[in-house]
Amino acid sequence: MKLSDFDFHLPESLIATRPAKPRSASRLLVSRPEGLKDLHVYDLPDLLQAGDRLVLNDTRVIPARLFGQRWRDSAQGRVSAKIEVTLLEPRPNGQWAALVKPLRKLGEGEWVEFSADLKAQLVAREQGQAVLEFNLTGDDFDAALAEAGAMPLPPYIAAKRPADSQDKEDYQTVWARNTGAVAAPTASLHFDQPLLDKLAAMGVGFTYVTLHVGAGTFLPVKVDDVTTHKMHSEWGEVSETAAAEIAATKAAGGRVIPVGTTALRLIETAARDTGAIRSWTGDTDIFIYPGFQFRVADALMTNFHLPKSTLMMLVSALVGRDRILAAYDHAISQEYRFFSYGDASLLIP
């Protein structure tokens, strides 16, 4: 398999910079073995049935983009430099790995002030990234970050417009509760409470798992032989309750349908060792590409992905590369909206 096998041309005009309103008004391209159908997310009750189970990632995105000032005394007096920080992941000791721009303007031991309440000190450099220690911890840190930070929009949106206050609502799922992600599980952004209520009333089950989506999800694949690509790792958890619910659905003949590639990667990780779903906690770097044997997922709801990305490989593994490329050709011709704030697909093997 070559990287070029997962390439396609996407008109830039189809990259969504704002989500549909209401959330469930997004279009939904259904891909079955017998063909394609153009619907909307609010049509999901017609596509699911009692006994099916949706697996939902309940991670909560932090406002990880910060803009601050570094102050330094010089021969010319007190001078400042503008510093941009994107938090990547917390460390066990309370420090944070982060991207800092420009890192060359920040020395070890120097502080960056983001607000009257929040500042951070550079304590180390590691492979082009920074390790920061903030002046606050716990709830105080969360409150100050919520006030000073902006949502870490994906690069293809951030290049078109800055994040604003609306993104703090739009780039968060309605069921988000476990703080730790720096990117949203975007397929889940299509659900609103009325749709969830309707699905629950008809007997569709919901299982919550947690995978803290990292900035590595946007890293490009740089090798031509895709099997040699090293996948980034992300922390996740499948609780005993979640594993039991999924196992019971499988045993009863219901379909297990993860909403988003993050939920799919996590439940397939939790089934790697034994072949069946089990409780699991840890860092997963599972890389799913054609030839992968799925043990849990019976279908997948997901957004439309970047050309030559690991997620294009994942969806190709689930339903076949030819079917995916045909679905994407159709989506482009019908002007579906792409990527994080775009429309969705329901892929049924």
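## Ser-340

A residue is called buried here at under 20% relative accessible area, exposed at over 50%, and partly exposed in between (1.4 Å probe, protein chains only). Ser-340, with a relative accessible area of 5%, is therefore buried. In this predicted model, local features need pLDDT of at least 70 and side-chain atom pairs count only at pLDDT 80 or more, while totals for chains, interfaces and linings use all residues. Residues are numbered from 1 along each chain as its sequence is written, and side-chain values use heavy atoms, with hydrogens and water left out.

Ser-340 sits in the loop between helix H9 (321–333) and strand S17 (344–347). Helices (H or I, at least four residues) and strands (E, at least two) are DSSP runs, numbered from the N terminus. With neighbours within four places in sequence set aside, Ser-340 is in contact (heavy atoms within 4.5 Å) with Pro-154, Tyr-156, Ile-157, Tyr-171, Thr-186, Leu-189 and Asn-303. One of these partners, Ile-157, is 183 residues from Ser-340 in sequence, yet the two C-alpha atoms are 8.5 Å apart in space.

## Overall fold

The protein has 9 helices and 17 strands. Its C-alpha trace spans about 75 × 40 × 40 Å along the principal axes. The radius of gyration is taken over C-alpha atoms, and the globule rule is 2.2 Å times the number of residues to the power 0.38. For 349 residues, a compact globule would have a value near 20 Å, and the 21 Å of the protein agrees with this.

Of the 349 residues, 52% are buried. Among contacts with a separation of 6 or more, 69% are between residues 24 or more positions apart.

## Surface and charge

The accessible surface comes to about 15,500 Å², and 48% of this belongs to carbon and sulfur atoms. Areas come from the Shrake-Rupley method with a 1.4 Å probe; for residues, only the protein chains shown count as cover.

There are 37 positive and 43 negative side chains, and the centres of the two sets lie 4 Å apart. Lys and Arg count as positive and Asp and Glu as negative, whereas His and the chain ends are not counted. Each charge is placed at NZ of Lys, CZ of Arg, CG of Asp or CD of Glu.

## Salt bridges

The structure holds 17 salt bridges, each defined as a side-chain nitrogen of Lys or Arg within 4 Å of a carboxyl oxygen of Asp or Glu. One of them joins Glu-12 to Lys-160, with the closest N and O atoms 2.9 Å apart. Glu-12 lies in the segment before strand S1 (27–32) and Lys-160 in the loop between helix H3 (155–158) and helix H4 (167–170), so this pair ties together parts 148 residues apart in sequence. Glu-12 is exposed at 55% relative accessibility, and Lys-160 is partly exposed at 38%.

Asp-170 and Lys-21 form another salt bridge, at 2.5 Å from N to O. Because Asp-170 belongs to helix H4 and Lys-21 to the segment before S1, the pair ties together parts 149 residues apart in sequence. Asp-170 is buried at 5% relative accessibility, whereas Lys-21 is exposed at 52%. Asp-52 bridges to Arg-255, the closest N and O atoms being 2.7 Å apart. Asp-52 is in the loop between helix H1 (44–47) and strand S3 (53–57), and Arg-255 is in the loop between helix H6 (240–251) and strand S14 (256–258), 203 residues apart. Asp-52 is buried, with a relative accessible area of 2%. A network of salt bridges links Arg-18, Arg-161, Asp-164 and Asp-167.
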